[in-house]
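Subject: Structure handover

Hello,

Here is the structure I promised you. Please open it first, then read my notes beside it.

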Amino acid sequence: MVNCCGLVTVKNEPVPLKSIVVEVSVQGHVATVSSTLQYENQEQSPLEAIFVFPLPGEAAVCRFSAKIGQTEVVAEVQEKQKAQEQYDDALSSGQQAFLLEESDESPDVFKLSVGSLPPGEKASVSLDYVTELAVQADDGLRLCLPAVLNPRYQPQGSDSGSGGSAQLSSVPAGSVPYSLSLRAHVSSPHPISRVESNCPLDPLNYLNTEKTQATVSLAAGHQFDRDVELLLYYKDTHQPTAIVEAAQASAKPGSLMGDPVVMLSLYPEFPKDVMSSMTSHGEFLFVVDRSGSMECPMHLGSGSQDRISSARETLLLLLKSLPMGCYFNIIGFGSSYESFFPKSVEYSQKTMDEALQKVKGMRADLGGTEILQPLKHIYSQPCLPDQPRQLFLFTDGEVGNTKEVLDLVKTNAGSHRCFSFGIGEGASTALISGVAKQARGHAQFITGQDRMQPKVMQSLRFALQPAVVDISVKWNVPKEVSVTLLSPPIRVVFQGQRALLYAQLTGESSGDTEGSVTVKYSLAKQPVENQLSFSLKPAEDTGMTVHRLGARTLIQSLEVEEREQDGEKEGAKEKVIELSVQSGVSSAFTAFIAVHKGDGEALQGQLLRRHVPTPMLYHSSMLMMQQCAMPMLMACSLRSVPALDDLEVFGYDYNCSEDFDSPASTSKPVRDPLLQLISLQKASGSWVLEAALAEVLVKTEEEVSKPKPAQVDQEVWATVLALVWLYGFKMEAQEEWQFLAMKAVSWIQAQKVASVSECVQAGNTLLGCQVQKDTLGL
C-alpha cells in the first residue's frame, strides 16, 4: 500500500521523520504558528528526504531554520532559481542543505527538501508562519493545521512533474510513523468564551481573571486521520478594532518593515430586522463535484453517508428554499461537466420538478476533478438583468491547478459572488477559501461529523440577505504622516463575514501620538459610521505578525498582476521578490535556502532520496473505489434490494453498512420524515392534502382531513399542518427548513385567509403540539 515513487523501498524500514511539535500563538483574529520537525537518518548511506508540507492557503511563511547535530542554520529568502542552484551546489559538494518553496500549482502546498543527512545523524527543521483566522457562520474563528493532505488530482495536459503532486507518498491513515504535539496560547482584547476542536483537547486553561488569555493543548495520541481544527469563540466579536504594530528596529524607515503597519478589522453585526428581510431576485448556480472521490464517506465513522448522497439531499433543500421569481441551474463536474439546463431557467413548479428528477439520478461518476472548464463555461454566459449571480461550489477540493482557478475567479469577481464548501478531510484551504475571498462570498468546511445541510443553508441566508455596501475608509493622521494601503479596498461584507485591511504608516509627527480612522458603510439602505483611534507610536513587537500579513496581502495582489501580464512586464515580479526578501515572507518567486558547511569533508556513500509518507485518506482512485464501493455493493447484493436507480433517493436513511444478520437488515429502508415532508412542498411554498403528507404526520388521510375548519381551503390547511409539525417536532433542524417555512408563510398570507388562528389551533390539537400563531410568523 505504500508508494515511495520507486526510489527506495520502505518496507519494514523506519522513515526519517520522527516527530512534529507545534506552538500556536493567537492574537485576536490572527495567529503565528511555529512548528518543529525532527528527522533521523537510520540508513547506512547519506539520505536526501523530501516532505510535502500542507499549509493554510492564507499563510505567510516567515521563518525557516535547520539544526543538524548541534549547529543551527537560519534560512534566508532568495529568488527561487538562485536558491535552487545554491541548494544543488551544496548537495553536490557534500554539504547539508535545506530548501523550502511553494508548489507551482497550489499555494497551500510547500515542498520541504531536507538535503543530505549523514548516516545516524539527527536533524530538526523549524518553520514559522502567520495566518488570518477564518470566520465561521456561528462567529467562531477557525485555525486549521493540515495534518492530512488528500491527493491533488492533476488535470489532463498539466505537467505533473512541475509541482509537488506527483511526488507524494502515502500510507494508510492511522499508521503514520511519527507523532504530533500541539499547544496553543490564545490572547484577545475581548474575553475568550470557549475553544473547540474536531480532535480531542486537554481542558482550556485560563491565565487571568478577565479570561482574555488562555492555553489549550491537543490530547496525546493523534492518529493523522483528519485536519487538526481549532475553533475560537470571543465575546463582543462584532466590535471593530484598529491595531498598530511598531516598525522593525533594524529596517530602513520608508520600507514596509521599517514603518508601523495598522490592521483594521470590520465584522459588522446585522440587526434582526435586516436578517429577516430577503430578496426574491438572483441567478443561483449550484456547481457540484461529481468526481470519483465524492463516493467516499463524509467521515471515517461507521454508518457515514457518502458525500454525493449528502450533496443530493442538500440540493433538495436548496431547490425547495429558492424564492419565486429567481433563476437557477445545476452543473455537475468531474473530468467533464454537465448542466441540467442549457442556460439558467426561471424558478417554477415545472422547472423545480424537472431539476429534482435529475438530482435523484446524480452519481459520483464523472472521473477526476477539473473545476476550471465549468467555471469558464459559467463566466461565458451573460448575466441576467436585475438577477445578481450567486455561485455555490461544492467540492472535496482535490485539484492541482488552484492558482489558475483563483485567477479566473478574480478576473470575473465583479459579476458574481461565490459561496464555497470544502467537503471531507483534507479539502484544500487555498481553493475553498480562495474562491470565496476572490468572489466576495463565504467559505465553509464540512469535516468530521458535520452535516452539510445546516452550513449550506447558512450560506443561502447570506446570499438572500442584504450586504454591507458603499464602504469607505478615511484615515485621519497628522500631515507629516502618509497612509499607503497594502490591501485591495473592501467593497462588500456579508453577514457573518470579517474584513481585514492593512495599511503602512510612513513619516513621523512631532506632536500628535494618535491617529484615527472613520469607517462608513450602508446596510439595508441605512448609513452606519464608526470612528476608531489608534496609537502612532506603539510599543515594540518582535513578532511582526501584522507586518508579515500585510506583506503577504500585497504580495498576493502583485502575483496575480504578474500572471495577468503573462511575463510581458517584469515590474510586478521584481516588486514581489523585493518585498518577499525584505519581509522574510515567502512567495511564488522566492524560496528559503539554508546551507550547513559541516566540517568541510565530503560525505561518503551513495546519496539516497527517501520520501516521507504524507497521511492520505485515499491514496489512489482504485483503492478509493474499492474502499467506498465494495461494502455497499456486497451489502446490497446480499440483501437482494432493488438497484440503486430504482430506490427513492430522498426521504430514506439507507445504510448499507450495518450487520447483515441484524434485525434491521430485513426491514424496509428507514424514511427520514423531515426530508419526506420537504420533498412534498410545492415551489410556491404550499403543501397539498394527500396520503404522503398524512404518512409524515403519522396519521391516516381521514384523520388529517376531518378536523379541517369548514371555510378553509384544503391547501391552506395542509400548509398550516406542515408548519405546525416543523415547529412542533423539528426545531433542532430549523436552520435547514427556515426558508421553505418563510415561503409557506408568505403563501398563506397571500391567500388572505380569515381564520388562520382557528387553523393553527386545530393543527395543534391534531398533532399534539402547542405552537403559537406568532411563532409561525402568521
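One definition comes first: a residue is buried when its relative accessible area is under 20%, exposed when it is over 50%, and partly exposed in between, using a 1.4 Å probe and protein chains only.

This is a predicted model, so local features need pLDDT of at least 70 and side-chain atom pairs count only at pLDDT 80 or more, while totals for chains, interfaces and linings use all residues. Residues are numbered from 1 along each chain as its sequence is written, and side-chain values use heavy atoms, with hydrogens and water left out.

**The whole chain**

The protein chain has 18 helices and 36 strands. Both are DSSP runs, numbered from the N terminus: helices are H or I with at least four residues, strands are E with at least two. Of the 778 residues in the protein chain, 57% are buried. The chain exposes about 32300 Å², and carbon and sulfur atoms supply 49% of that area. Accessible areas come from the Shrake-Rupley method with a 1.4 Å probe; for residues, only the protein chains shown count as cover.

Now contacts, meaning heavy atoms within 4.5 Å. Take the contacts in the protein chain with a separation of 6 or more: residues 24 or more positions apart account for 74% of them.

**The cores**

A nonpolar core is a set of buried Ala, Val, Leu, Ile, Met, Phe, Trp, Tyr and Cys residues joined through side-chain atoms within 4.5 Å. The largest one has 84 residues. Those with the most contacts inside it are Phe-284, Leu-319, Phe-328, Phe-392, Phe-394, Trp-687 and Trp-717. Helix H15 (residues 714-729) gives this core its largest share, 11 residues. In soluble globular proteins, nonpolar side chains tend to be buried together.

Leaving out residues up to four places away in sequence, Phe-284 touches residues including Leu-322, Tyr-327, Phe-328, Phe-392, Leu-460 and Leu-464.

How many residues of H15 are buried? The count is 12 of 16, so H15 is largely enclosed by the rest of the structure. Among the buried ones are Trp-717, Leu-721, Val-724 and Trp-725. Their cover includes helix H12 (673-680), helix H13 (691-696), helix H14 (701-705), H16, H17 and helix H18 (773-776). At the start of H15, a side-chain oxygen of Asp-713 comes within 2.9 Å of the backbone nitrogen of Glu-715.

The expected span of a helix is 1.5 Å times one less than its number of residues. For the 16 residues of H15 that gives 22 Å, and the end C-alpha atoms are 22 Å apart, which agrees. Helix H8 (residues 452-464) has 13 residues and should span 18 Å; its end C-alpha atoms are 19 Å apart, which agrees. In H8, 13 of the 13 residues are buried, so H8 is largely enclosed by the rest of the structure.

Thr-518 lies in strand E30 (residues 514-523). Is Thr-518 buried or exposed? Its relative accessible area is 9%, so Thr-518 is buried. The Thr-518 side chain makes a polar contact with the side chain of Asn-476 (3.2 Å). A polar contact is a pair of N or O atoms within 3.5 Å; within protein, one must be able to donate a hydrogen and the other to accept it, and residues adjacent in sequence count only if both atoms are side-chain atoms.

Ser-535 lies in strand E31 (residues 526-535). Ser-535 is partly exposed, at 31% relative accessible area. Ser-535 and Ile-243 are 292 residues apart in sequence, yet 8.4 Å apart in space, C-alpha to C-alpha. A polar atom of the Ser-535 side chain lies 3.1 Å from the backbone nitrogen of Lys-537.

**Loops and cysteines**

Asp-236 is not a glycine, yet has a positive phi of about 55 degrees. Asp-236 lies in the loop between strand E17 (228-234) and strand E18 (241-245). Asp-236 is partly exposed, with a relative accessible area of 45%.

A search of the whole structure finds 0 disulfides, a disulfide being a pair of cysteine sulfur atoms within 2.5 Å. Cys-296 is buried at 0% relative accessibility, and Cys-769 is buried at 11%.

Best wishes
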